[in-house]
Amino acid sequence: MSERDRRGGAGGSRLGLYGAAASILGGLERGEGALKTLVYGSRFQAGLRGSSQGRGRMQIWDGSPRLLLALLARVLRYSSVLDTLMDAAGLLRAEKKLPPPLAKVLVYELLFGHGLRGGGRAKALVLKHRARLLAELARLKVRRKVSCNEDLLPQADPAPQMPRYARVNLLKTCVDDVVDYFKRQGYTYQGRAASLEDVRSLSGKRFLLDPHLPELLVFPPQTDFHENQLYTAGHIILQDKASCLPAFLLAPEPGSHVIDACAAPGNKTSHLAAILKNKGRIFAFDLDAQRLATMSTMLARAGSACCELTHQDFLATDPGAPKYSRVKYILLDPSCSGSGMVSRLLAEEDSPTPDRLKALAGFQRKMLVHALRFPALQRLVYSTCSVHQEENEDVVRDVLQQAGEDFRLVEVLPSWPHRGLTTFMEAKCCLRASPKETLTNGFFVAVLERRHAGACKESSSLCLDTASHAAAPAAHKVRKKPAVD
């Protein structure tokens, strides 16, 4: 992924409405999280006001997350129409310095919104193509035999309704205290879910403990905690269940040194810190300075004190450097197509082209090969939010063939219902997740261990499978400082 794609928006230390929207669109495309999570976790904070110089006048914005969320919802509704119009008008081919997510936001405002009320230099680039864009919009209406803009919108099936998952942050509280808090708020706690059917049947103000992850609570779809005291204080982390699997299955021991190779936006990093109990060190890498700054704020809110954030390409690290000599665990969640994210369905994204998948898989193989070069490495988790075999089983198979006898796949959570595609013998060791099978975003997880790490393959898999059941009682026994009330 190019640096331009990773930035996704306008420059500057303070983002205006359009820049913030473009940055979050880029995050959605990279599969960094759901729309609301990215909006409320962004630097576009409620209550702030600011300005950015437009062409001949000033743009004033009210830094309300609701304003940003409303704009993004409208842009996403028109996403496929905007792609068609920008392609027909040749906008991005002519303006190569214009980031695609920012172009989409500005073209939406120009054609379907309230008109461009800011945007700086990017606004001037878009306005150069105003006549062509309007002409292409008129042609599109004629071709589709419609008269109003709303009729251009695709009649798609609604996105799957996902439960609301809330991970209890054990650095600040415990499961019992959070459960008690929600009971006082009028919720009914129904204990540990016995099956996915229990989760599917959730409604109203009922909630459950997840059957696999001991610190994960499950609420009905559309439950919104972004302004809840527990969330704003960092006592709960709003994180999809599938996204919780990598850190949970890596399971680093407290005191260990860990690498999070592609760390932003930071939910997995904060999960690792909680598992480590803030004892040890996490080396967290990301290429985007702005996203690292946002991540730093989020980690501080979560109380994650053992993280060393580095603005650097993980591929540029030296595995033999003394500072990494004690790294035994690596979490590798590289850039991917994001094709498993339910939120992408809202944008009507087309499937990536074969060339795009080939390029992504090449990058992912390079990252995985590099990660396996760290001399003290004992266990690695490779994960993506992609549904494509090319980015998942094929990458793991190719790298294991290259690694020879040094590493092996470990079968994790044998009770998990959705396994890797049977493209090679050990693929059943891997996990897949999907809205239909697991009530999560689409996801892929593989756990690799160094062969001389100790226990046999069968005992490793059993330990990882029983961890969730053994850890749950412990989470209820240890009561830390109370959750915010």
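## Strand S3

A residue counts as buried when its relative accessible area is under 20%. By that cut-off, in this predicted model, strand S3 (residues 164–168) is covered on both faces. One side carries Arg 164, Ala 166 and Val 168. The other carries Tyr 165 and Arg 167. Each of these residues is buried. That makes 5 of the 5 residues in S3, so the strand is largely enclosed by the rest of the structure.

S3 pairs with two strands. Strand S6 (residues 216–219) runs antiparallel to S3 and is joined to it by 4 bridges. Here Arg 167 has Leu 216 of S6 as its bridge partner. Strand S7 (residues 236–238) also pairs with S3 in the antiparallel sense, over 3 bridges. In this pairing, Ala 166 stands opposite Leu 238 of S7.

## Helix H14

Helix H14 (residues 267–276) is largely enclosed by the rest of the structure, because 9 of its 10 residues are buried.

Lys 277 follows the helix. Its phi is positive, near 60°.

## Helices H5 and H9

How do the axes of H5 and H9 cross? Helix H5 (residues 79–89) and helix H9 (residues 130–144) have axes that come within 9 Å and cross at roughly 120°. The two helices are therefore oblique to each other. H5 passes H9 in a right-handed crossing.

Both helices supply residues to the contact. From H5 come Val 81, Thr 84, Leu 85, Met 86, Ala 88 and Ala 89. They meet Arg 132, Leu 133, Glu 136, Leu 137, Leu 140 and Arg 144 of H9.

## Ser 386

Ser 386 sits in a loop. Strand S12 (379–384) lies on one side of that loop and helix H17 (393–403) on the other. Is Ser 386 buried or exposed? Ser 386 is buried, because its relative accessible area is 0% and the cut-off is under 20%.

The side chain of Ser 386 makes a polar contact with the side chain of Ser 339, at 3.3 Å. Which residues does Ser 386 touch beyond its neighbours within four places in sequence? Cys 336, Ser 337, Ser 339 and Gly 340 are among them. Glu 391 and Asn 392 are in contact with Ser 386 as well. Gly 442, Phe 443 and Phe 444 complete the list.

How values were computed: Residues are numbered from 1 along each chain as its sequence is written. This is a predicted model: local features need pLDDT of at least 70, side-chain atom pairs count only at pLDDT 80 or more; totals for chains, interfaces and linings use all residues. Side-chain values use heavy atoms; hydrogens and water are left out. Buried means under 20% relative accessible area, exposed over 50%, partly exposed in between (1.4 Å probe, protein chains only). A polar contact is a pair of N or O atoms within 3.5 Å; within protein, one must be able to donate a hydrogen and the other to accept it, and residues adjacent in sequence count only if both atoms are side-chain atoms. Contact means heavy atoms within 4.5 Å. Two strands pair if DSSP finds at least two bridges between them. Axes are lines fitted to C-alpha atoms, for helices over the stretch in contact, and angles run from 0 to 180 degrees between N-to-C directions. Angles under 35 degrees count as roughly parallel, over 145 as roughly antiparallel, 65 to 115 as roughly perpendicular and the rest as oblique. A crossing is left-handed if the near helix is turned anticlockwise from the far one by less than a right angle, and right-handed if clockwise.
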